[in-house]
Amino acid sequence: CIRDSCGAGVGMLLLYGKMVGVGSSVFRACGMCMILLFAQLLGRSYDLLTAMAVTALLLVLQKPDSVQQAGFLLSYGAVLGLTLFLPVFQTETEYRIQKILQEKLLPGIGILLVTLPVQLWFFYELPVYAMLLNLLVIPLMSVLLPVAIFAYLLRFPLLLQIPEYILTFYRWLCIKAEGLPGSIQIFGRPRIWQMIVYYMLLFFSLVLLYHSKNRNKQEKQREKQQENRECQITGENAEQDRRKTGKNGKNKRDSKRTGIILIIVSICLLILPPHTENRITMLSIGQGDCILLQEKGGHVFLVDGGSSDVKEAGKYRLIPYLKYHGIRYIDGIFISHAHEDHYSASLELLQSACGISVGTVFFSEMAEENEAYDVLRKAAYRSGSRITYIRQRDRIRAGDLSLFCLYPSGKLTVTDENEASMV
C-alpha cells in the first residue's frame, strides 16, 4: 500500500534526522524526501526546486540566522548547482565511457560553480582533488549507510565491520590526497564585489547555455521535419532550408561558446589575488609574539609566532589569518629564540599540510643545541624549507623590504637564552 510505504518512509527519515542531528543539510535532505513521498501519496508531480524552496523557507522561519551559515549555503547551493547546470552540461552520446564520465563528473562541476564563492568565503581554499575523490566515496555510501542501520537494528556486531572498513578506506583516501602536490589551493576570502560579479556572469552564462540547449532541441526537431518532407522540397526551397539550418547551428555554437567563456572569466575574477600594500600586522595570539611583514610586491615574512597560553595557536590563529589573505608562500620565518611563546605556532605551520609553504627558516647564530631547536630543524627539513643562521649586520632584501640584523654578535657569552634573541 502506498500510504503504508510513505508512512514508513517518513518515519525512517524522522529517526535518521534524530540520530544524526537536524542540521541545515539534514533538514533540507529529509524535508525534500518527505515532500517527494507526500507527492506520490497524493498523486501529484514532484518539483525539485519547489521542494528546496519550501524546506529553505521553513528553516529560515525557524532559524533566521541560518542563511549566514556555511552548512545552509553549501547544502542549498549544491542542489541549485545540480538542478540548473546539470541539464545544460549533459549531451547525448553513444559512447558508454563518455556517459559514465558525464554521470560522475558533471554533477560535481555544477555544484562547484554555484558553491565556489561560499567555499572561498568561509574556508579561503579549494581542495583540488575533491571531485575525483567523490568518484570513489559516493558509490560506497549506498553500502555504508544501509549496512550500518541494519547492523544496529539487528544487533549484529560482525556486520558493523563493513562500515568500519569503508570509513577506514575514506580516511586513507583523504590522507593520500592531502599528500599529493597542489592538493590545496589557497585563494583567500573574496571581496563582496567579486562575488556579485561572479554570480551575475554565472547567471548570464546559464541563460546562454540554456539558449544553446533549446536551439539544439529545435534543430533536431527541424531535422526530423525536414526528413519527413524531404521528398517535397526541391531546388530553391531546399537551398533556403539548408541555409537556415546552418545559420541556426552557428548561433547555437556561438551561444554555447560565449557561455563557457563567461564561466571561465567569472572564475578568474573570483580568484583574483588581493591587492597588497606594505603592512606590519601583530596577531593577537595570547601570551606570545607573532608579527607578519607583508611587502606590496608579494613578499611575506613572519617574525616568531608562538603562544604559551593558547593551545594550537597555529591552527586556530596564524594559519586561518594567512589563508584569509590568500597567502600561500612565506619567504622566511625568523625564530628569535626557542621558547614556546615564540615558535609554537610557526612549528605548527611547518608541520601541517595546509597548503602554505615556507622558503627559509632563520635562526640566530647563537642558537643552542637543544630539543626545541632540533624539533624546529626537523620540521623545516621535512617541509622542504631551508635553514639559515644570521648574525649581526646581516641584511635581507625583498622588494621594498629591507631587514637588518642588529643582534646578537657571535662574540657574546650569555647565560640566558633570552639574551641571545635575534633582533
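Buried means under 20% relative accessible area, exposed means over 50%, and partly exposed is what falls in between (1.4 Å probe, protein chains only). This is a predicted model, so local features need pLDDT of at least 70 and side-chain atom pairs count only at pLDDT 80 or more, while totals for chains, interfaces and linings use all residues. Residues are numbered from 1 along each chain as its sequence is written, and side-chain values use heavy atoms, with hydrogens and water left out.

**View 1. The chain as a whole.** There are 12 helices and 10 strands here; helices (H or I, at least four residues) and strands (E, at least two) are DSSP runs, numbered from the N terminus. Of the 423 residues, 38% are buried. Take the contacts (heavy atoms within 4.5 Å) between residues at least 6 apart in sequence: 69% of them join residues at least 24 apart. The chain exposes about 25,600 Å², with carbon and sulfur atoms supplying 60% of that; accessible areas come from the Shrake-Rupley method with a 1.4 Å probe, and for residues only the protein chains shown count as cover.

**View 2. Arg 377 and Asp 374 in helix α12.** These two side chains meet in a salt bridge at 3.1 Å, N to O, the term being used for a side-chain nitrogen of Lys or Arg within 4 Å of a carboxyl oxygen of Asp or Glu. About one helical turn separates Arg 377 from Asp 374, because they sit three residues apart in helix α12 (residues 371-383). Arg 377 is buried, at 11% relative accessible area, whereas Asp 374 has 33% relative accessibility and so counts as partly exposed.

**View 3. Lys 323 with Glu 125.** A search of the whole structure turns up four salt bridges. In the one between Lys 323 and Glu 125, the closest N and O atoms are 2.7 Å apart. Lys 323 belongs to helix α10 (residues 313-324) and Glu 125 to strand β1 (residues 125-127), so the pair ties together parts 198 residues apart in sequence. Both Lys 323 and Glu 125 are buried.

View 4. Strands β9 and β10 (residues 401-404) pair in the antiparallel sense over four bridges; two strands pair if DSSP finds at least two bridges between them. Two residues lie between the strands of this hairpin, and Gly 399 in the turn has a positive phi of about 65°. Arg 395 has Phe 404 of β10 as its bridge partner. On strand β9 (residues 395-398), Ile 396 and Ala 398 make up the covered face, with Arg 395 and Arg 397 on the uncovered one. Asp 400 and Lys 296 join their side chains in a salt bridge (3.4 Å, N to O). That pair links distant parts of the chain, 104 residues apart: Asp 400 is in the loop between β9 and β10, and Lys 296 is in the loop between β4 (288-294) and β5 (300-307). Asp 400 and Lys 296 are both exposed.

**View 5. Gln 194 in helix α8.** Gln 194 is part of helix α8 (residues 192-228) and is buried, with a relative accessible area of 2%. A polar atom of the Gln 194 side chain lies 2.8 Å from the backbone nitrogen of Arg 191. The side chain of Gln 194 also reaches the backbone oxygen of Leu 270, at 3.4 Å. Setting aside neighbours within four places in sequence, Gln 194 is in contact with Leu 269, Leu 270 and Leu 272.

Definitions and conventions
Polar contact = N/O pair within 3.5 Å; in protein donor to acceptor, adjacent residues only side chain to side chain.
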